[in-house]
Amino acid sequence: MSEAAEPRRNYELFDAELSGAVLNTRLLLRLLKWMRPYWKTLATSLIAVCATSLLAIALPIIISVVVIDHVLHPQSTVVAPSFGMVWLTEWIASNTGWSLLISACALYIAAQLIWAFTSHLHRMTLTQTVINGLRDLRHDLFKHLETRPFTFYDNVAVGRVMTRVTNDVESLYELLRGLGTLVGELMPFAFALVVMLTLNIEMSLILMLYIPILVAVTLVFRRYTRRLFRLVRQSVSALNQNLQENLSGLQVVQLSTREDYNLRRYHRINGNNLLFESRSMRLETLYSSFNDSMASVATGVILWYAGGQVIQEEISLGGMVLFTRFIDMLFHPIVVLGEQINILFRAMASGERIFQALDWDEAIHEPEVAVKLPARLKGSVEFRNVIFSYGDSPVIKDVSFSIEPGEKLAIVGTTGSGKSTLIRLLSRFYDISDQSIFVDGIDVNRIHTHDLRSRIGVVLQDFHMFSGTIYSNIWLGKPNVDEEAVVKAAKTANAHDFIMALPDGYHTKLAERGQNLSQGQRQLLAFARILTTDPEILVLDEATANIDTDTELLIQDALKTLTRGRTSIIIAHRLQTIQDSDRVLVLDDGEVAEIGTHDELLAKHGIFYTLHSLQFQPVDHDELQQRHQR
Amino acid sequence: MFRDLLRLVPFIRKYKGRLIGGITLFFIARLFEAAVPLCLMVGINRLERGEADLLLPVLGIVGAVAGRFVIVSWARIAVRRAGFLVQFDLRDAFYKHLQYMGPNFFRQYAIGDLMTRAVADIQLIRRLVGNGTTMIVIFCFATIVGFSCMTLLSPTLTLFVLPPLPILFFYTWRSSLKLGLASRKVQEKLSSLGAQVQENLSGIRTIQAMALEDEEVRRFDDHNQAYTDAFYSHARIHSIMHSVMPTLAAASAVAILGYGGHKVLQGTLSIGAFTAFFAYVTMVVQPFRVAGMIISMLQRAAVASRRLFAVFDYEPEIPDQGIPWVPETIRGSIFLNDLTFTYRGSNQPAIANINLTIQRGEMVAFMGRIGSGKTTLLKQIVRLVDTPKDAVFIDDFDVCDYSLNQLRTQIAYVPQDPFLFGEPLRTNISYDQPRRKIDQVWQAAEAANFAQSIDEMAFKMETIVGERGVTLSGGQKQRATLARGLIRHSPVLILDDCFSSVDTETEEQILSHLAAVRSNKTTLLVSHRVSTARHADRIVVLDDGQVEEVGTHDELLKHEGIYAEFERIQREGSDEDRSLQSQIGLVSR
């Protein structure tokens, strides 16, 4: 892989809003892949939906054809087809000796109960398929994102990545459930259509004339509401964002006396929301009332037209009643389709975003055949002519040095000299050329990153405190670490005492990012966390923060224990931290400027010497006084 | 439950005209609706008798339908809009109330919790007003109209139709309640899944550095499964409801089939009436189903109302009673008179018996260990906590006598943890007055040593920062919030340990600039660094809530107390390094 240059990635693509305005069958097929393990439940669901639809048709047939035509009004000469219902009723009657009416009732009850069961079965199996499939998809997506390299996270906003896993998968639920609902609606629609056509073709055609009208109205309605719904959604999220932010920063708001101004601003957003919500509510109400009315008008039309036919004995009375009962089954799917179409389009876009993330193949190159590391590393590290750049301009220019097992090396240098980058390369957070960095003489590119990183304990400058307890922050879910090990690590890292002084000890809950601890205390926890894994090589990128004097002493002391018996590399911002180190490396603009022991470097009167004098300069009180007087 | 709902009355009363109008219209609409099956019955009966004249029933249906369409739409819109209006008012009131809440309140209510109240609870109340009212009306009128029509057609058959209805009502009520709870659970699980992902991604570098990806995926799977389970049990309740409710309603249909059919055979009921009965049953089944939902909706809205009013009833902790005769401009002298302050719920004062006089134009540094009371003391001055009376005086007037507005406009306080809003840097810095001239904003940024960093950003002052914007480093955030304080050129400036992520050289530059421009203005600052504190005219060392030492850098060094100890530690590092120290001392001198 050595010089195979990684193509320059366009990260804006990841953040861009994808428009999935077209029905994308490829995407649906790809989604089906996640449903495949559950094909049995899906098949059950399909069978159940067929049964449910048939029963939904049978129930009105029992009322109109069996009861009205055969039992109550048998004098009629035309008989509507009953699709076996009359035969079943007569079969029940002959086997039980009940009257035809009672038998019809019994059949109705039986059909209703079976319907209740199959429709439940249909919904639940469908839900199961969908939620299990999407759970797996979500797992795959999370796992994929979890292993994207630093370069990826350096360039995309965390919020955007997060929406992929939550909102976008959520939209897919809607999509798949919506499709399921459509199947559940369209199947009875199709069956009803067949029954109607066998009953009376003319009347069916008249009723079907309604469908285009309804479709047209639905399309117009959805066209208007789509934009409106988007505005409603946007205004709702603007409202919530505003409130959330105002609460998080309330102290600043109060200190800046911005209460009234902010209230006016919220009031305005609230007003916008009211406007859009009311508009869409009005449209929606008109539309649903219109649908109701259409159904009633259809009843009138059937009565009018079928009336004549009944007189002419073209259709039975029961047949006509059956027609009125099918109206809903014909109209409802169209209404539902209208409801689903917006969701469908939105979900398509979500699907595209999810697959874009899944297809994002940016990764640290893993060796084809990884070198198995020995049970314990000796701990020597060598950088050999390392060159590295994030973009065009190199950050690390030809750096070479080596560290003996157990040696303590301190790295100093000004901001932007490349210190943090240098140690990030050691743990392979970024890809480098082969034969650049060696651990125990092994090229790091030949070691699997997981193996390498579990041997090198890194405390990053911006190490993260997770929400949860102190205990879980040290433990971090590592399977081979027990409670004893956690406490031991905390003791070694000088964190035990302050932890025990907290109200709930190790079970004290941390606020977001550990805000309820001081920076120094967080640093001690980060030390303890590293100690639980007992790494052979320790890398510490010191936080710049100003730490209170008491904790500072604890940190210095902990560092001594921490580095004992391991190779350690420490990036120091305060020179106190490095007084203990064997050698000091001064990095300047991506190059090794000086390297040697403390005393050697001081004697050299170079960069290190200057840095030193800056931090330990004596106070010039006269000058201060003068400044004040000015 | 009713007491909780009654509290909503003042919010709803505003729209009573609209609601009463809507309800009246609903009643009229129901009459039209009842005419449809009636016309159908007339038509079917005519057919049965072999009459072909159906014009009248058909026209009747069309007319009734058109009338109903207009009236129902009108009524629904009127009532639903009332719901939205109530929601609008409640949101405004809630927001306004929260703006004046203090630290104790936020210790009791987490922001996430308040968000749920503001979003989900208010929405429940909106639904109650907008849809609940509609449902109650449908219930009353559909039942009355439906039953009267049925009784008119056949009283005995009506009796047969009745029994399943109370069962239906009861079932729907209980299930809706369960469904509501289940749906809240789904929301909770979804948001905890979201929180987990968010947290994980924010700490992704730490996770990868420690090779913890597998553990994290496992943790994610737990949340993922919990959400899936919650989703499933919600779907189950929902699905069972949708199977059971029609089946219960079908019991009434069977009664019509059996008994009604029997009556038709006897000749005591027309086939038209027989079919009309099915329509009427649908008409009364609906309200009974809805009634169950209403009850559960009322219950949930009552809970929501209780949760909302718990917040509304929380009085602002910091009373704002400005007295008219305090001077309009603060000059900047501060006098602490035996100030003692104890946090609510604590039995030990955080600061005790503090006496201190600060002259206008002084720069005073506060030092001390964690928890020694530095921040608590400074918060008293701008009343971020409920400052006791007769303890803190500004220009010889009790701070409690100033209006909060005046106090906080003229005293700039830069808090410890830097908070930035998801807005451009420009408005973040000029937060108190969003319409300041851009030059002034740049000047403040310059004073905070932040201008150069801003200049390097692509959108400069218009760069959006905060949660949804560009991520700034800790030091950059601190300098941005510092600029927010400096832009006000206020007579008193309080800097509460706001240099902690800024390196020493930058800090020195900022402070020496401040000392120059604020020579006749008061500046108070908290720091851990001796290198910072030594810039001050005086240094106040707090220990365990009490003033231990006060004096200049030199005085305190001579005093050989806590300050001198701090100085020694910070100069030398830890005790064991004396040998090395001496060398450094040699070289640097």
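In the predicted model, chain A contains 21 helices and 12 strands. Its radius of gyration is 37 Å. The globule rule gives 25 Å for 630 residues, so chain A is more spread out than a compact globule. The C-alpha atoms of chain A occupy a box of roughly 120 × 65 × 50 Å along the principal axes.

Burial and contact range were also computed for chain A. Of its 630 residues, 43% count as buried. Contacts were considered between residues at least 6 apart in sequence. Of these contacts in chain A, 78% join residues at least 24 apart.

For chain B, the domain assignment gives two segments. Domain 1 of chain B covers residues 2-312. Domain 2 of chain B covers residues 334-588. The C-alpha centres of these domains of chain B are 56 Å apart.

The two chains meet at an interface. Here, 119 residues of chain A are in contact with 118 residues of chain B. Helix α10 of chain A, spanning residues 259-311, supplies the largest share of the chain A side, with 26 residues. By class, the side of chain A that touches chain B comprises 53 nonpolar residues, 49 polar residues and 17 charged residues.

Conventions:
Residues numbered from 1 in each chain as written. Chains lettered and ligands numbered in written order. Predicted model: local features only at pLDDT ≥ 70, side-chain atom pairs only at ≥ 80, totals over all residues. Contact = placed C-beta atoms within 7 Å. Helix = DSSP H or I, 4+ residues; strand = E, 2+ residues; numbered from the N terminus. Nonpolar A, V, L, I, M, F, W, Y, C, P; charged D, E, K, R; others polar. Rg over C-alpha atoms; globule rule 2.2 N^0.38 Å. Buried ≥ 20, exposed ≤ 12 C-beta atoms within 10 Å, placed from the backbone. Domains from an automatic or database assignment.
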